[in-house]
Structure formats: structure tokens, C-alpha cells
Amino acid sequence: MSSATPAGLPVTRYDHDRAALGRLLGDEPDYRIDQLWQGLYEDLAGPAEITTLPAVLRDRLVGELPAGLTEETRSTGDDGETVKWLWRLTDGALVETVLMHYAERSTVCVSSQSGCAMGCGFCATGQMGFDRHLTTGEIVEQVVRAQREAGERRVSNVVFMGMGEPLANYERTWGAVERIHGALGLSARHLTISTVGLVPGIRRLAEEQLPVNLAVSLHAADDDLRDELVPVNRRWPLAELADACRHHIRSTGRRLSFEWALIHDTNDRPEDARRFAAYARPLGAHINLIPLNPTPGWPTRGSSPRRVADFADELRAHGANVTVRHTRGTEIDAACGQLRADRMDVPVEAPVRRQAAAALPD
Ligand code: SAH
Ligand code: SF4
């Protein structure tokens, strides 16, 4: 296995690599591994549905390869073009996945942790605290389930922008990247890891063989404001973050993007745009602006459309490359920063406010 399953959790069907599945098959003929692998990763089937396998073996595998995700709820928005799932994991932890169809592609936004320990106050996931890391299999299965749903409109892009901080769960996230690339066949160019700015993780990513895209959630380009909005900035301030980003760009040749949630009168003033442009330009970074989506625990509203447009203009006037991200899924709370396992009628067996130590980078 490329990474360990946290203690006490069952190993689920997408946690096994090929060698581990081979061991599970024991004395079965060698071609069974190909049939099982094709069933799981090409046909996106559960063991019971892999009819190339004999019935007795299927029955055994149903018990030995349990699903990692059970659908708790499924909501659709944007006229069916956005689908959000709330999944219950094997220990009762809850996570969300969002599938977004566009004319030319379908993107799935996956979670890497249940909750998040990074404490960004404007983010619904941050507001719920940290529950636990997801396993490699639990991350991969989100893509598989979304691809089953997408059918002919195949999933072409995966973004690690759901619940959690992927670089705080490095090994398992990277295991998932490799599996999504190698077994599900998505190109590394179409995989994006979004981070709040964990410098050691960015440096480690730069050394990997597969060059994935890096998105950094910046939100402020001066340390005082960023310390407030994004607490990890106190540990890895902006200058160190820029160095790590530069290293990543040089090593991988991939484009960097910065995410910036626009918060009314907080980080949407002309001087914020000028500072941001000065920070992004030397790195050649692309800028994605996201008007702040409302969350229960943050009082300040998002910037008005007028302020968003002015901010984008100011950035462009200073030479930056900018996109304003169309907000998807707001009516089903599936938009950026709104993911939160908060169904009050669903008992949460795992404590949702276990504290941060367990969530810091491996
Ligand atoms: N932890 C990682 C990835 C998940 S968050 C990270 O922070 O990058 C995905 C994106 O949603 C991040 O860019 C995050 O800053 C943004 N976000 C969080 N809360 C938001 C909100 N209320 N409105 C808009 N974007 C938000
Ligand atoms: Fe965690 Fe990202 Fe939300 Fe910050 S924005 S609390 S890092 S999920």
C-alpha cells in the first residue's frame, strides 16, 4: 500500500494497491487480478458486479473489500450540472464531494480530510474543526463514485479543494494522486492540489515525479492581514511561501495559481489588489478570485459584484492574469468553503472537534 490506513479503520476496496489485491486473491490464477483491477478501475464496479469473477470469489470479495463511502445524501443544483454528496465513512465520519459539469469538462472536487485543523475563520470546514485524515482509498473512491455518476460526461479534472488540507495528509493524498493518474487514467495536468500554504508540503510536492498543478489559497498579501485570515501564515509567512512556490514552478514546470476569497472591506481594496499583483507577478501565477461564500460562523459578507469587478480590473492594470470564478452549487451549500458535515439529523459518531495535533503534517 502506498500509505497506511489510520489505526482502527477497516481497509476499504480502493485502499489496496495491485500487490495487496494479489495477496488477497491468494491461490487464484494470475489473470484474476487483471479482472478484479479492471472491474474496480475501468468498469467502476463493486465486487458483486464483477461478473468475470466466479460467484464464490465475488461473494468472498464482497466481505473483504468493503466500500469506503456510503451515500448519506445527494443534492443537485445548477439545473443538474452540480452534484454534491455527503458520504458516511466506515467509522461514521462525514465528508463531501462535489461534481461540476461544464460544457468542455467535468471536474470533481474531493475532500482529503473530514474537517480541517487549519482554522481559517471564513471557511465552513475550518469552523467544524478536525475530525480525521481520509485514507488513500477514501479519496480515490470519491473520484470513482463521481465518475460513475458522470457516465458519458467523463470526469476529466480532479481538484483537491473539498474538505480538509491535502498537504496536512500528504502520504495518503499523494497515494490517491498516483492511483487517480495510474489506475483511473487522468492526466497529471488535470489534477490540482490546493493548499493553504504548508511550505514543507509544497517543497515535497516539487520533488514528486508527477507534476500536478498547485493552487495556493492566499487571501492576503501582507503578513498582518494573512496572519489573521489564515493562521498558518504565522508559521510560514509570505516570503517563505513565495520561495516554496518558486521552487515548485522551477521543478515541475507547472503553472501556479492563487485563490483569493474576496471579503468586503477586508481584502478587496485597491491597495490589496496592488500588493497582490506585486506578489503574484514575479511568480507568473494565475489568479482566481472567489467572492466569499456565506458560512454560518463568519459575520463579514463577500464583496459585491461591483467590488469584485473593480478588484479584478486593478489586478489586470498591474499586469496580473485574473479569472473570476463562477460560483457553483451555492443553493446546495456546495460552493467553495461551504462544505461542512452539518446535518443535524445525522448522528456523528466520531468526535468532530478532536484537536489539531493529529492533523499537522505527517
Ligand atoms: N485546504 C485547502 C483546500 C480546501 S479549501 C485550501 O485552503 O486551499 C478550497 C478553497 O475554498 C480554498 O481556496 C479556500 O480558501 C476557499 N474558501 C474557503 N472558505 C471560503 C468561502 N467562505 N468562500 C469562498 N472560498 C472559500
Ligand atoms: Fe482548511 Fe482550506 Fe478551510 Fe483553511 S480554507 S480551514 S485550510 S479547508
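This is a short chat about a predicted model of one protein chain and its two ligands.

Q: What do I need to know about the numbering and the model before we start?
A: Residues are numbered from 1 along each chain as its sequence is written, and chains are lettered from A and ligands numbered from 1 in the order in which they are written. The model is predicted, so local features need pLDDT of at least 70 and side-chain atom pairs count only at pLDDT 80 or more, while totals for chains, interfaces and linings use all residues; side-chain values use heavy atoms, with hydrogens and water left out.

Q: OK. How many helices and strands does the protein chain have?
A: There are eleven helices and twelve strands. Helices (H or I, at least four residues) and strands (E, at least two) are DSSP runs, numbered from the N terminus.

Q: And how compact is the chain?
A: Its radius of gyration is 21 Å, close to the 21 Å that the globule rule gives for 362 residues, so the chain is as compact as a globular protein of that length. The radius is taken over C-alpha atoms, and the rule is 2.2 Å times the number of residues to the power 0.38. Along the principal axes, the C-alpha atoms fill a box of roughly 70 × 45 × 40 Å.

Q: What share of the residues is buried?
A: Buried residues make up 56% of the 362. Buried means under 20% relative accessible area, exposed means over 50%, and partly exposed is in between (1.4 Å probe, protein chains only).

Q: Switching to ligand 1. How many residues surround it?
A: The number is 20, and the closest are F122, S194, S217, H219 and N293. A residue counts as near if one of its heavy atoms lies within 4 Å of the molecule or strand in question.

Q: What kinds of residues are in that shell around ligand 1?
A: The shell divides into nine nonpolar, nine polar and two charged residues. Here Ala, Val, Leu, Ile, Met, Phe, Trp, Tyr, Cys and Pro count as nonpolar, Asp, Glu, Lys and Arg as charged, and the others, Gly among them, as polar.

Q: Which polar atoms of H219, G164 and N293 lie by ligand 1?
A: For H219, a polar side-chain atom lies 2.6 Å from an oxygen atom of ligand 1. For G164, a polar backbone atom is 3.0 Å from a nitrogen atom of the ligand. For N293, a polar backbone atom is 2.8 Å from a nitrogen atom of ligand 1.

Q: How much of ligand 1 does the protein cover?
A: The protein covers 95% of the 530 Å² of accessible area that ligand 1 has on its own. Accessible areas come from the Shrake-Rupley method with a 1.4 Å probe; for residues, only the protein chains shown count as cover.

Q: Which elements give two or more residues to that shell?
A: They are β8 (191-195) and β10 (256-262).

Q: What surrounds ligand 2?
A: Ligand 2 is surrounded by C116, M118, C120, C123, G126, G164 and V196. This shell divides into five nonpolar, two polar and no charged residues.

Q: New topic. How many salt bridges are there?
A: A search of the whole structure finds 23. A salt bridge is a side-chain nitrogen of Lys or Arg within 4 Å of a carboxyl oxygen of Asp or Glu.

Q: Why would such side chains pair at all?
A: Side chains of opposite charge can pair when their charged atoms come close.

Q: Take E96 and K84. Where are they?
A: E96 is in strand β3 (residues 94-101) and K84 in strand β2 (residues 82-88), twelve residues apart. They form a salt bridge, with the closest N and O atoms 3.3 Å apart.

Q: Buried or exposed, those two?
A: E96 counts as buried because its relative accessibility is 3%. K84, at 9%, also counts as buried.

Q: What about R204 and E171?
A: Their side chains meet in a salt bridge of 2.5 Å, N to O. R204 lies in helix α7 (residues 199-206) and E171 in helix α6 (residues 170-182), 33 residues apart. R204 is partly exposed at 32% relative accessibility, and E171 is partly exposed at 34%.

Q: Which residue does R274 pair with?
A: R274 forms a salt bridge with E314, the closest N and O atoms being 3.1 Å apart. R274 is in helix α10 (residues 270-280) and E314 in helix α11 (residues 305-317), so the pair ties together parts that are 40 residues apart in sequence.

Key. A polar contact is a pair of N or O atoms within 3.5 Å; within protein, one must be able to donate a hydrogen and the other to accept it, and residues adjacent in sequence count only if both atoms are side-chain atoms.
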